[in-house]
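Morning, everyone. I'll walk through one model, element by element. Here it is.

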Amino acid sequence: MACSVAPALPNQMFHQHQAGAAPHQAMTRAPTPPAQPASHGVRLSDFEWIDDLGAGGFARVSKVRHRRSGAVFALKISYGTAYPGTEDEEAEVLRRAAGWPHVVTCHALLRGPFGEPACVLEFMDAGCLGRVLTRRQEMGMGGIPEPALAEAAAQCVVGLAQLHARGLAHLDVKPDNFLANSRGEIKVGDFNTARILYGGAGGERPLAVPITAGTRCYFSPERFVPGACAGPHGAMAGDVWGLGITVLELFLGRFVVSPELSDAGLELVICHSGPLRVPEEAEASAELRSFVAECLQREPARRATVTQLLMHPFLAHRDVQASRRALREIIVETL
């Protein structure tokens, strides 16, 4: 099917910052808006299937090769939506998020054979952080050590900060939605549940958006309220909670909240049991304990923002070069 949005494929990519910029530097300047050239007529038939990468409740993702150039991409074809009537919301989120270095690049938006949305995405050769963690478990290695974890957390925070700076909330923050590559880069992906937080004629009016879709074992307490909605601050606070659970899982090497629990069980653990935190018996720094605690405040108004997290000692005081090397080594050994 013909491309519905002018692609930058395969030799015209969205402008990106220089790879390898330190996370705090990545937020000091806005990216150059991506060019919008005339359509080049890219079609799904221009790609050949290589492998299945995964499927979820709303989409399936395949590894594909562009026949003419040989370039490899991830092709996501959607067959549902988290919010009825918002079929084009993900496409608009991808447009607004374009150009940030810690958000997975969308090279083209297509339509499938039945009109369903399809995205030609940057291929991240190490998969997701959830896969990295699973491989470490299979290799008997446990969670991710703090030096590498600090770099992983920094890149995750920057990715969320880049979304929030564009008025977007992800709303399904978890290890499976942070993608990694063999260069040690981590980027936010999968925007099925993402929402645009500002609208109106001037584009600045805050919106109340539903926050009840996503993966419930990563929900913050306020998201368990039936029909819950939130303004921009509340929706972003939900992302921060998911980040805290993600960092804690990467450290522990296991689920923090079991996805096997019933909805009632999940609500009991997340909303009413003891605070979720780094276990007392774990060998963890005070900085890591504080970082997780700042993310997992049950009251959304008390949670740190991503901007505050960027300045947290767990990230700001790390040895950047050593942490990057440690993270890259861990990712590569799981390939």
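Terms before tour: helices (H or I, at least four residues) and strands (E, at least two) are DSSP runs, numbered from the N terminus. The expected span of a helix is 1.5 Å times one less than its number of residues. The model is predicted, so local features need pLDDT of at least 70 and side-chain atom pairs pLDDT 80 or more, while totals for chains, interfaces and linings use all residues. Residues count from 1 along each chain as its sequence is written, and side-chain values use heavy atoms, with hydrogens and water left out.

Start with helix α4. It covers residues 146–165, 20 residues in total. From first C-alpha to last it reaches 28 Å, close to the 28 Å expected at 1.5 Å a residue. Next, burial. Buried means under 20% relative accessible area, exposed over 50%, and partly exposed in between, with a 1.4 Å probe and protein chains only. In α4, 18 of the 20 residues are buried, so the helix is largely enclosed by the rest of the structure. Just after α4, Gly-167 takes a positive phi of about 75°.

That brings up backbone angles. Most residues other than glycine have a negative phi. Which way does Leu-171 go, positive or negative? Positive: its phi is near 70°. Leu-171 is in the loop between β7 (168–169) and β8. It is buried, at 1% relative accessible area. Asp-190 also has a positive phi, near 60°. It is found in the loop between β9 and β10 (195–196). At 33% relative accessibility, Asp-190 is partly exposed.

Now Glu-185. It is in the loop between β8 (178–180) and β9 (186–188). Which side chains does Glu-185 reach through polar contacts? A polar contact is a pair of N or O atoms within 3.5 Å; within protein, one must be able to donate a hydrogen and the other to accept it, and residues adjacent in sequence count only if both atoms are side-chain atoms. One partner is Asn-181, at 2.7 Å. Another is Arg-183, at 2.9 Å.

On to Lys-76. An unreviewed UniProt entry places the feature "binding site" here. Such annotations may be inferred rather than shown by experiment; feature names are shortened, and positions follow the numbering used here. Lys-76 is in strand β4, residues 72–78. It is buried, at 5% relative accessibility. Its side chain makes a polar contact of 2.7 Å with the side chain of Glu-90. Contact in general means heavy atoms within 4.5 Å. Leaving aside neighbours within four places in sequence, the contacts of Lys-76 include Ala-59, Pro-117, Cys-119 and Asp-190.

Last, aromatics. Rings of Phe, Tyr and Trp (its six-membered ring) pair if their centres lie within 6.5 Å; planes under 30 degrees apart count as stacked, over 60 as edge-to-face, and the rest as tilted. How many aromatic pairs are there? The count comes to 3. One is Phe-47 with Phe-73: edge-to-face, 6.2 Å centre to centre, 90° between the planes. Phe-47 lies in strand β2 (residues 47–55) and Phe-73 in strand β4, so this pair ties together parts 26 residues apart in sequence. Phe-47 is buried at 6%, and Phe-73 is buried at 2%. The rings of Phe-291 and Phe-314 have centres 5.5 Å apart and planes at 50°, so that pair is tilted. Phe-291 is in helix α7 (residues 286–295) and Phe-314 in helix α9 (residues 313–316). Both are buried.
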